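Please look over the sequence and the model before reading on.

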Amino acid sequence: MASETRLPMAVEGLWRPPAVGRAKAAVLTVGPDATVTAADRDTGAIFSSAAFPTVRISDRVGSIPRNITFPDQSVFETSDNDTVDTLVRPHRKKNFGFIHGLERFHPRLVVLAALVVAFCFALYRFALPMLVEVAIVATPPVVPQLLSQGALASLDQTFFEPTKLSAERQKALTDQFTAIAALARGGNGVAAPAQVPPYTLNFRGGGSIGPNAFALPDGTVVLTDELVELAQDDEMVLGVLAHEIGHVDHQHSLRQLYRAAGVTALIMLIGGDIGSGTEDILVQGSALASLSYSRDAEAEADHYSVELMHKAGHDPAAIARFFELMRDKLGDKGENDFLSTHPATPERIAETKRYAEEIASRKK
Amino acid sequence: MNDTDVPQAAVPSTIRMQREKFSFTGTTREYFGIWIVNVLLTIVTIGIYSAWAKVRRQRYFYGNTHLAGATFDYHARPIQILIGRIIVLVLLIAYNLLATFAPLVSGIFAVAFLFALPWFIMRGMRFSARVTSYRNVRFDFTGGYWGAFQAYILGGALIYGTAGILAPLASQWMWNYTLGNLRYGDRPIKSDPRLEKLYGQWWLPAFVLAGGFLVLVAVAVALVILFSTQIGEFFNTGDDPQVSPYMIVVLFYVAVVPFLILYFVAGLLYRAGTRNVALNETIIDDRHAMASCIHRGRYAWISITNLLATLATLGFARPWAAIRMARYLATVTALDTTGPLDVYVGTIRDEGGAVGSEYMDVEGFDLGF
């Protein structure tokens, strides 16, 4: 190599002793034996000298000054980034300066920008659902159990009253519920059987919540007296319960939780790069978007109810009839909790009816 | 110490005050590349690169901020940031899990969290100060737990409890805590913004907020009266396929957004005004005085147009916006020096963990350095 005959390359800058503000004009050289030396620019007196691997060289970012920190914590500073790179390159790995190379102003940045858009889409559409699935598989069954027990206990303390249904009525409903729940385990092959917990039916007085039914992720299904009274026949009650089993079987609540957490975490991590104003708006936007996700979950549970009821030999259109009843009796006033999460919209009624007919004719 | 041979105030008449202006030399052209690579690699690595991204971003902004012929520097190591972020994310996820499934227990955690917050802020300030240097001399932060508790928990309660009337008092606590506890090397920084001056900056945003609120409410009432029949029909027709919880939420946002914008603008005016007051009463080492002369209207204009441009371009104008703001803030900030700036000596200290700083970062706290 020709460099052996030349003087060692040098770069001019400032040298400062450890944690000292006053600087001295200095020259940095890298000798043939890979010794890095900072010396006085005028007198040539050596300030600091060390073997290359022990010296810390800050990465190149834009055109800000670089620091070369010696093991004694004294610092050589220079803005001559190109010369530093030339000095350093022979001693570094191949991908040295890769990030800075990407960052340089170049038409290639347009490609990177396009990639950002594509990856944002792919992340939201594919990677996030995949991560959610991984998280669900990784969740030990004890987690939904603990969480569900806590939720039920707090609801019992705040809203619910003991049920007023007679023991026979409870038993009749529980028997039918157990019969359909037995078919549900791992129902559509969506969830592995090991992860789908046993289902239990619990009766409560709804108090201010009124007619309602919901499922907790450990398979605890809660039914209020008011809903049993509202329904005209047991088929309707079972249709609603099958819908709730659908939520558990599809693990909707865990899925929704992980999804919301994942989206928020990603927005927060990019937060520093997009500014806090944009970050706030994105977080709000993702909350809006999760509403449409919960609508999809409702539709999925509706279909599940139709399928399960059919499989158990019950009326597959029971849930559709229940929605019609809700619409006629309660109106769409939105003052009911069950309605606000389970809107009895015309398209929902039509879709469940249509699907019930399809299932009935398909499997005859 | 070398300082003993520079007896300050010995001959006051000969002290020459010299104004050193801050300047910012970053460019959109250069920062765009750094930014797009940051975002791209953060996405590709599902957030892991964000720690490296933060270090590169901070180094770019610090390294381009000049004062008296020298620049600032940011020394945090990405791995410190990454560990801090992982801990913060785990805590946030655990907290949200609890809040979703065990509302009663989470109430207790919320209270515990309120008491943990000052600790996060204290450690966050310390970390951020210790990884910042100017002329090879690091900053330090000596604020304690109760100072942060007073400034942020009591101060926050004060602002909400009095509907903003005592906000200047909370601001005084906050600036006292953040700026007054900073040290440059081994020398103290003092900041004591006076309450009457903070109130001087309070009238305009208070008037904007109250006046704007009245106008918005009047407009809303007028709309409801004018369109009462249509609104009634809209909500009462049970068969109307348009009415869904989704629509109601959208309507809610439409109604709330003007108030949020109002609050945002008033906040910008107030922040700019109090920054002027606080920095103008900040003195480094008893001899160099900070000076800040933000024009409130100009600052609000830059902030709002920055946000709009960023949203309109799906985020791609962000580098331009960030550079524009940094440049403006540098031009309105100066240091009135009464002696050389390179006589300082620091002590190299353990930076501690980055959990606090990353909590503040992830939650969007603004340190205001």
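How many contacts beyond four places in sequence does the model have for residues 237-243 of chain B, where pLDDT stays under 50? The model has 10 such contacts for residues 237-243 of chain B. This is a predicted model, with an ipTM of 0.81 and a pTM of 0.82.

**Confidence in chain B**
- Chain B has a mean pLDDT of 85, and 86% of its residues reach 70 or more.
- Residues 1-11 of chain B also stay under 50 in pLDDT, and the model gives this stretch 6 contacts beyond four places in sequence.
- Where pLDDT is low, predicted coordinates should not be read in detail.

**Confidence in chain A**
- For chain A the mean pLDDT is 82, and 89% of the residues reach 70 or more.
- Among the elements of chain A, the highest mean pLDDT, 95, belongs to strand β7 (residues 75-78), and the lowest, 50, to helix α11 (residues 337-341).
- In chain A the pLDDT is below 50 over residues 187-195, a stretch with 16 contacts in the model beyond near neighbours in sequence.
- Residues 333-337 of chain A are also below 50, and this stretch has 4 contacts beyond near neighbours in sequence.

**The interface between the chains**
- Between chain B and chain A, 13 residue pairs are in polar contact, counting pairs with both residues at pLDDT 80 or more.

**Salt bridges**
- Over all chains, the whole structure has 31 salt bridges.
- Across the interface of chain B and chain A there are 3 salt bridges.
- One salt bridge joins the side chains of Arg56(B) and Glu103(A), at 2.8 Å from N to O.
- This pair crosses between chains: Arg56(B) lies in helix α2 of chain B, and Glu103(A) in helix α2 (residues 98-103) of chain A.
- Arg57(B) forms a salt bridge with Asp273(A), with the closest N and O atoms 2.8 Å apart.

**Helix α8 of chain A**
- Helix α8 (residues 252-274) of chain A has 23 residues, so at 1.5 Å a residue it should span 33 Å.
- α8(A) has a kink of about 30 degrees, centred on Met268(A).
- Gly275(A) follows α8(A), and the phi of Gly275(A) is positive, near 90 degrees.

How values were computed:
Residues are numbered from 1 along each chain as its sequence is written. Chains are lettered from A and ligands numbered from 1 in the order in which they are written. Side-chain values use heavy atoms; hydrogens and water are left out. Helices (H or I, at least four residues) and strands (E, at least two) are DSSP runs, numbered from the N terminus. The expected span of a helix is 1.5 Å times one less than its number of residues. The bend at a residue is the angle between axes fitted to the seven residues ending there and the seven starting there. pLDDT is the predictor's confidence in each residue, from 0 to 100. Contact means heavy atoms within 4.5 Å. A salt bridge is a side-chain nitrogen of Lys or Arg within 4 Å of a carboxyl oxygen of Asp or Glu. A polar contact is a pair of N or O atoms within 3.5 Å; within protein, one must be able to donate a hydrogen and the other to accept it, and residues adjacent in sequence count only if both atoms are side-chain atoms.
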